[in-house]
Amino acid sequence: MAEKPQPVQVLYCGVCGSPAEYCEFGPDFEKCKPWLIQNAPDLYPEFLKESNGTETDKVSDKLQSTSISEGSSTSKPEEVKRLPGGKIKKKDKQEIIIEKVTRNKRKSITTIKGLELFGVKLSDASKKLGKKFATGASLVKGPTEKEQIDVQGDIAYDIVEFITKTWPDVPESAIFFIEDGKKVPAA
């Protein structure tokens, strides 16, 4: 009878988290080098020839001291989300965009985007807008798959005052209009 194959033990990089063989293809290869020299010298023997042992120790000590000092500080640094391929995910800007769309010549719809970034429940906001302006207001998924509020009628300029009074957390400087494809501040 043949022996069962044993599972392969994979060494993962302590810096980037990928297998050590693939570190050279990642976005943080320069940061991985000291860790690779210490923990996997057989994978990249050319690093041992290039660098001194003391230089590696200095770099690794510097990396360890930064991670320790970050953990002990009271102010937490802002974490950056990384997407596959090393791309950094941008945080959504906290701004409300109000856009008026005309349909059938005389009819218009006012669209409000970004209200949820200020902690406002969109369903409640839709009901309040509908009652205040005596129109139909509905919650709709926009083209970017984010929810937005569509209000029937042209209420673009009255809405700024209503938003700032109803939700005091929303500053007037964060509200913008889209006019002729350009973003214009409401203030």
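Start by selecting Ile96, Ile98, Leu115, Ile159 and Ile163, which touch the most other members of the largest nonpolar core, a set of 23 residues. A nonpolar core here is a set of buried Ala, Val, Leu, Ile, Met, Phe, Trp, Tyr and Cys residues joined through side-chain atoms within 4.5 Å, where buried means under 20% relative accessible area, exposed means over 50%, and partly exposed lies in between, with a 1.4 Å probe and protein chains only. The model on your screen is predicted, so local features need pLDDT of at least 70 and side-chain atom pairs count only at pLDDT 80 or more, while totals for chains, interfaces and linings use all residues. Residues are numbered from 1 along each chain as its sequence is written, and side-chain values use heavy atoms, with hydrogens and water left out.

Now colour the elements around this core: β1, α4 (122-133), β4 (147-152), α5 (156-166) and β5 each supply at least two of its residues, and α5 gives the most, with 5 residues. Helices (H or I, at least four residues) and strands (E, at least two) are DSSP runs, numbered from the N terminus. In soluble globular proteins, nonpolar side chains tend to be buried together.

Select Leu115 next, and show its contacts, meaning heavy atoms within 4.5 Å. Leaving out residues up to four places away in sequence, Leu115 touches Ile96, Val120, Leu122, Ala125, Ile149, Ile163 and Trp167. A second, separate core holds 9 residues, including Cys23, Cys32, Tyr44 and Phe47.

Move to Ile112, which lies in strand β2 (residues 107-113) and is buried, with a relative accessible area of 2%. With neighbours within four places in sequence set aside, Ile112 is in contact with several residues, among them Ile96, Leu129, Gln148 and Ile159.

For the strands, select β1 (residues 96-103) and β5 (residues 175-179), which run parallel and are joined by 4 bridges; two strands pair if DSSP finds at least two bridges between them. Which residue of β5 is the bridge partner of Ile98? The partner is Phe177, and Phe177 also stands opposite Val184 in β6. Strand β6 (residues 182-185) runs antiparallel to β5, again with 4 bridges, and these two strands form a hairpin with 2 residues between them, where Asp180 in the turn has a positive phi of about 55 degrees.

Finally, look for charged pairs: a salt bridge is a side-chain nitrogen of Lys or Arg within 4 Å of a carboxyl oxygen of Asp or Glu, and by this rule the count comes to 5. One of them joins Lys183 and Glu95, at 2.9 Å from N to O. Because Lys183 lies in strand β6 and Glu95 in the loop between α3 (53-72) and β1, the pair ties together parts that are 88 residues apart in sequence. Is Glu95 buried or exposed? Glu95 is buried, with a relative accessible area of 15%, whereas Lys183 is partly exposed at 43% relative accessibility.

Select Glu161 and Lys165 last, which form a salt bridge with their closest N and O atoms 3.1 Å apart. Both residues lie in helix α5, 4 residues apart, about one turn of the helix. Glu161 is partly exposed, with a relative accessible area of 49%, and Lys165 counts as exposed at 63% relative accessibility.
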